[in-house]
Amino acid sequence: MINIEHIGIAVRHLSSSIPLFEKLLDTSCYKTEVVESEQVNTAFFKKGESKIELVEAYGPGSVINSFIEKKGEGIHHIAFEVKDIYEEAARLQSEGFILINEKPKKGADNKLVWFLHPKSTNGVLIELCMEIE
Ligand code: ZN
């Protein structure tokens, strides 16, 4: 793992959370993007080297719905940038961590993403992400 790429925050409504985070961070949202594979709408903020991703469900099958039902709005995941997502996934698996999917998916922001099951990471959903060349 190279560094924390972003922190993902589950929100009910981007329409109210984007202006809230713009005020909080004193910067404009620089990108919104639909991620079909997860049925989510995302919005990105950058402050120095730090990135925040707001995540809103758009379909009934979105994992964000069940997350918000159970825990409410709040920190949803921590994303680590990796150099080689397959190599890192293999390393983590050999250390006993559980990957949620068989293979990585296309995520937001031109990234391949792969999630670790929070069961194996003290309840924290970890996203591995790698820039798509
Ligand atoms: Zn993310």
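## Zinc site and aromatic contacts

His6 is buried, and Glu53 is buried as well. In this predicted model, both residues belong to the zinc site, where the ion is coordinated by His6 (NE2), Glu53 (OE), His77 (NE2) and Glu127 (OE) at 2.1 to 2.2 Å. Along the sequence, the donor residues follow the spacing H-x46-E-x23-H-x49-E. The 4 donor atoms subtend angles of 84 to 164° around the zinc ion, and the arrangement is therefore irregular, given that a tetrahedral assignment would require all angles to lie between 85 and 135 degrees.

Turning to the rings, the count comes to 3 aromatic pairs. Among them, Phe21 and Phe45 have ring centres 6.1 Å apart and planes at 40°, so this pair is tilted. Because Phe21 lies in helix α1 (residues 14–25) and Phe45 in strand β3 (residues 40–47), the contact ties together parts that are 24 residues apart in sequence. Another pair is formed by Tyr86 and Trp114, whose ring centres are 6.1 Å apart with planes at 70°, so the geometry is edge-to-face. This pair links Tyr86 in helix α3 (residues 85–94) with Trp114 in strand β7 (residues 111–116), 28 residues apart.

| Residue | Relative accessible area | Class |
|---|---|---|
| Phe21 | 12% | buried |
| Phe45 | 1% | buried |
| Tyr86 | 48% | partly exposed |
| Trp114 | 7% | buried |

A contact of another kind involves Lys31, whose charged end sits over the ring of Phe44, 5.8 Å from the ring centre.

Definitions and conventions. Residues are numbered from 1 along each chain as its sequence is written. This is a predicted model: local features need pLDDT of at least 70, side-chain atom pairs count only at pLDDT 80 or more; totals for chains, interfaces and linings use all residues. Side-chain values use heavy atoms; hydrogens and water are left out. Donors are N, O and S atoms within 2.8 Å of the metal (3.2 Å for Na, K and Ca); water is not among the atoms, so sites may look incomplete. Four donors count as tetrahedral if all angles lie between 85 and 135 degrees; four count as square planar and six as octahedral if opposite donors are over 155 degrees apart and all others between 65 and 115; anything else is irregular. Buried means under 20% relative accessible area, exposed over 50%, partly exposed in between (1.4 Å probe, protein chains only). Rings of Phe, Tyr and Trp (its six-membered ring) pair if their centres lie within 6.5 Å; planes under 30 degrees apart count as stacked, over 60 as edge-to-face and the rest as tilted. Helices (H or I, at least four residues) and strands (E, at least two) are DSSP runs, numbered from the N terminus. A charge sits over a ring if NZ of Lys or CZ of Arg is within 6 Å of the ring centre and within 35 degrees of the ring normal.
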